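Dear colleague,

Please find below the structure that I am handing over to you. My notes on what was found in it follow directly after.

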Amino acid sequence: MTDASEPTGAAAPEPIRNRLLSGKFLFVGGALAAALGFLIWTATQGAAVYYHTVSELHTKRSEIEGRLVRVNGIVVDGSIEESADGIIRFEIEDATGVLPVEFRGSPPDLFGYAEEDKYSDVIAEGRLLGTGVFEARNLIVKHGPEFEPREIPAQ
C-alpha cells in the first residue's frame with residue numbers, strides 16, 4: 001500500500017509551473033509582436049509620400065497654412081526665374097489653379113526640363129505662407145520609367 005503513503009498534492013505543482021511558463025512565453029511573444037508591429041508602422045509612415053494637389057491646398061488653406069506639407073503640380077511654362085539672392089521662383093498648376101512657389105537652394109537636375117513642351121510634375125515640400133506663396137524647402141521631380149537623359153554634344 002505504497003499508494004496511500006504518497007502525498008496527494010505532489011503532482012499538483014507540475015501543471016501550475018507549466019501554466020506559468022506558458023504564460024511567460026505568451027507575454028514575451030506578445031511584447032515582441034507588438035514591438036515589431038510598432039517598428040513596421042513607424043517605418044511605413046516615414047516612407048509614405050502623401051501630397052496635396054494645388055486645388056486641395058487652396059481649399060484647405062486655413063488649416064494648412066504654416067504647416068509642413070507636400071504639394072504636387074506641373075511647372076508652368078516660362079515661370080522659372082532665379083533672382084540674384086539665390087531664390088528660384090516658379091509656379092505650379094493643376095487643372096483647377098496655379099500656386100506660386102519659392103525655393104532657395106540647388107534644384108534637382110531634372111527641374112525645369114520640358115519634354116514635348118510640357119514640364120515635369122514637381123512635388124514641393126514646404127510651408128504655405130500667409131501671402132499665398134508656397135515656400136519650398138525640398139523639390140522632387142517626377143518622371144516616368146522611360147526617361148532618358150539628354151545627349152550632350154561632344155566639344
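A nonpolar core, as the term is used here, is a set of buried Ala, Val, Leu, Ile, Met, Phe, Trp, Tyr and Cys residues joined through side-chain atoms within 4.5 Å. Please bear in mind throughout that this is a predicted model.

By that definition, the largest nonpolar core holds 20 residues, and F90 and F134 have the most contacts inside it. Two or more residues each are given to this core by α3 (54–59), β2 (68–75), β4 (87–93), β5, β8 (121–128) and β9 (134–142). Strand β9 supplies the largest share, namely four residues.

The surroundings of F134 deserve a separate word. When its neighbours within four places in sequence are set aside, F134 is in contact with L57, V69 and V71, with L99, P100, V101 and E102, and with A124, E125, G126, R127 and L128.

As to confidence, the mean pLDDT of the protein chain is 79, and 73% of its residues reach 70 or more. Among the elements, strand β5 (residues 98–104) has the highest mean pLDDT, 93, whereas helix α1 (residues 2–5) has the lowest, 52.

Concerning the overall arrangement, the protein chain contains four helices and nine strands. Their order along the sequence is α-α-β-α-α-β-β-β-β-β-β-β-β. Of the 155 residues, 23% count as buried. Among contacts between residues at least 6 apart in sequence, 47% join residues at least 24 apart.

I turn next to the charged side chains.

E125 forms a salt bridge with R70, with the closest N and O atoms 3.0 Å apart. Because E125 lies in strand β8 and R70 in strand β2, this pair ties together parts that are 55 residues apart in sequence. E125 counts as buried, since its relative accessibility is 11% and the limit for that class is under 20%. R70, at 22% relative accessibility, counts as partly exposed.

E125 also forms a salt bridge with R137, where the closest N and O atoms are 3.5 Å apart. Here R137 lies in strand β9 and E125 in strand β8, so the pair ties together parts that are twelve residues apart in sequence. R137 counts as exposed, because its relative accessibility is 54% and the class begins over 50%. Through shared partners, these salt bridges join R70, E125 and R137 into one network.

A further salt bridge links the side chains of R61 and E65, at 3.5 Å from N to O. Both residues are partly exposed: R61 has a relative accessible area of 31%, and E65 has a relative accessibility of 37%.

Finally, a word on the surface. The protein chain exposes about 11,300 Å², of which carbon and sulfur atoms supply 57%. F27, V28 and L32 form a nonpolar patch there, with about 350 Å² of accessible area together. F27 lies in helix α2 (residues 13–47), and at 65% relative accessibility F27 counts as exposed.

With kind regards

Note on methods
Residues numbered from 1 in each chain as written. Predicted model: local features only at pLDDT ≥ 70, side-chain atom pairs only at ≥ 80, totals over all residues. Heavy atoms only, no water. pLDDT = per-residue confidence, 0-100. Buried < 20%, exposed > 50% of the residue type's maximum accessible area, 1.4 Å probe, protein only. Contact = heavy atoms within 4.5 Å. Salt bridge = Lys/Arg side-chain N within 4 Å of Asp/Glu carboxyl O. Patch = residues over 30% accessible without salt bridge, like charges linked within 9 Å, V, L, I, M, F, W, Y side chains within 5 Å. Areas by Shrake-Rupley, 256 points an atom, 1.4 Å probe, with all protein chains shown as cover.
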